[in-house]
Amino acid sequence: MSDQLFTVGKIVNTHGVRGELKIVPQTDFPEERFSKGSKLVFFDPEKQTTIPVEVDTARIHKNMFIVKFRQYSDINEAEKYKGWLLKVEEQYLSDLDEDEFYYHEIIGCAVETEDGEVLGTISEILSPGANDVWVIERPKGKPLLIPYIDDVVLSIDVEQQKVVVRLMEGLLDL
């Protein structure tokens, strides 16, 4: 498989006896990724092995997705994949609008203020509600949490892996 793979979720448990799996989504577009017919890849983080799968059904349950894959029809077939990651091949990524980005394009970007002060690197994206929150790992001190809103995030350059932000009052407690 020469295509690059991008994580869209983590398989955390089985659900019921018909081979359904509980998936913690780690993607910007879970409805698209887990839609019927979606082609994904099981990825074993220990052995680095991959198994292509296809979504049969999916539904949201307590901030997780309960997904049934066409290839598996009972719990015994599916349970060995607990702890594996669910990935998508690059060829199945959709083109985004100019101001939209995939998580994998943002995570790892260096962050600096509009005055050129380097703050750190984006390590994670949280989706608590109204807007995403970016976690910035700083060289010293606690991680910085910034909301992904126009007033704070001024520019994103995925080619240069650089994000420029305007820190609002109270965001940076040193």
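Of the 174 residues in the protein chain, 35% are buried, meaning under 20% relative accessible area with a 1.4 Å probe, protein chains only. This is a predicted model, in which local features need pLDDT of at least 70, side-chain atom pairs count only at pLDDT 80 or more, and totals for chains, interfaces and linings use all residues. Residues are numbered from 1 along each chain as its sequence is written, and side-chain values use heavy atoms, leaving out hydrogens and water.

As for the fold, the chain has three helices and twelve strands, taken as DSSP runs (H or I, at least four residues, for helices; E, at least two, for strands) and numbered from the N terminus. Contacts count when heavy atoms lie within 4.5 Å; of those with a separation of 6 or more, 49% link residues 24 or more positions apart.

Six strands line up in an open sheet, in the order β10-β9-β8-β7-β12-β11, with mixed pairing. Its edges are β10 (144-147) and β11 (153-157), each pairing on one side only; two strands pair if DSSP finds at least two bridges between them. Inside this sheet, β7 (residues 110-113) and β8 (residues 118-126) run antiparallel and are joined by three bridges, with Glu 112 standing opposite Val 118 in β8.

Strand β8 turns up again at the largest pocket: β8, β1 (5-15) and α3 (103-106) each supply at least two residues of its lining. In total, 18 residues line the largest pocket, and Thr 7, Gln 26, Thr 27, Tyr 103 and Ile 107 lie nearest its centre. Here a pocket is an open set of points on a 1 Å grid over the protein atoms alone, where a 1.4 Å probe fits, with protein on both sides within 12 Å along at least five of seven lines; lining residues have an atom within 4 Å of a point.

Key
Buried < 20%, exposed > 50% of the residue type's maximum accessible area, 1.4 Å probe, protein only.
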